[in-house]
Amino acid sequence: MLFGRKKSRPAEIARGMREQALSLTAADLNLQPIEARPHVWGAIMELGYARAVASLCAFADGTVSLYISTGGGIIGAGEQPAVREQAERLLTIMETHVADFERVDDTPPPIPGRVRFYVRTFQATLTAEADEQDLGQNRHKLSSVFHAGHAVITQMRLVSEKKVAK
């Protein structure tokens, strides 16, 4: 115990971060609709793997994070211009596909081999799920959303590599 409190495990912290991303509201971030995105203010793309789920979260206030369900990840990546630019692009692409998502109350993670999207709109949380291979090979109507999400992850990786190289 540290300072009378039980130490949190990395997986518990990641789960808490995911839950926060799925429960916070546009009002919590002081966000209002804008002309380019009258509906979408947040995007969550979750990738299901055999031993973990990776959750990419991007919000219109510039917050960009990647959580790994087993613990770890990257927070604060939206402070980097290249990451923020790709995150804005992801939100804009999600806006163009808003009709391809359905309203949801429950927010389970995807199973291995599947990708689940959560779209945070000013009215509700929307979702869609698809096979990762179909998305990656442009065989699904949400492939452009998937590729935009991966462009954010790529920029996060490149920024991280630059920091390590210094």
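The largest pocket is lined by A11, A14, R15, R18, E19, E46, V53, S55, Y67, I68, S69 and P109. On a 1 Å grid over the protein atoms alone, a pocket is an open set of points where a 1.4 Å probe fits, with protein on both sides within 12 Å along at least five of seven lines, and lining residues have an atom within 4 Å of a point. The model is predicted: local features need pLDDT of at least 70 and side-chain atom pairs pLDDT 80 or more, while totals for chains, interfaces and linings use all residues. Residues are numbered from 1 along each chain, and side-chain values use heavy atoms, without hydrogens or water.

The space in this pocket is about 180 Å³, the volume being that filled by probe spheres set on the grid points. Six lining residues are nonpolar, two polar and four charged; Ala, Val, Leu, Ile, Met, Phe, Trp, Tyr, Cys and Pro count as nonpolar, Asp, Glu, Lys and Arg as charged, and the others as polar. With five residues, α1 gives the largest share of the lining. The elements that each supply at least two lining residues are tabulated here.

| Element | Residues |
|---|---|
| α1 | 10-23 |
| β2 | 53-59 |
| β3 | 64-68 |

Helices (H or I, at least four residues) and strands (E, at least two) are DSSP runs, numbered from the N terminus.

The seven strands make an open antiparallel sheet in the order β4-β3-β2-β1-β6-β7-β5; two strands pair if DSSP finds at least two bridges between them. At the edges, β4 (73-74) and β5 (102-103) each pair on one side only. Two bridges connect β3 with the antiparallel β4, and L66 stands opposite I74 in β4. Helix α1 packs on this sheet, touching β1 (40-48), β2, β3 and β6 (114-121), with its direction at about 45° to that of β6. Helix α2 (81-96) lies across β1, β2, β3 and β6 and runs at about 95° to β1. Axes are lines fitted to C-alpha atoms, for helices over the stretch in contact, with angles from 0 to 180 degrees between N-to-C directions.

Two aromatic pairs are found in the whole structure. In one of them, the ring centres of F101 and F117 are 6.3 Å apart and the planes stand at 85°, so this pair is edge-to-face (centres within 6.5 Å; planes under 30 degrees apart are stacked, over 60 edge-to-face, the rest tilted). F101, in the loop between α2 and β5, and F117, in β6, are 16 residues apart.

P112 lies in the loop between β5 and β6. Beyond its neighbours within four places in sequence, P112 contacts G48, Y49 and A50 (heavy atoms within 4.5 Å).

Conventions: Rings of Phe, Tyr and Trp (its six-membered ring) pair if their centres lie within 6.5 Å; planes under 30 degrees apart count as stacked, over 60 as edge-to-face and the rest as tilted.
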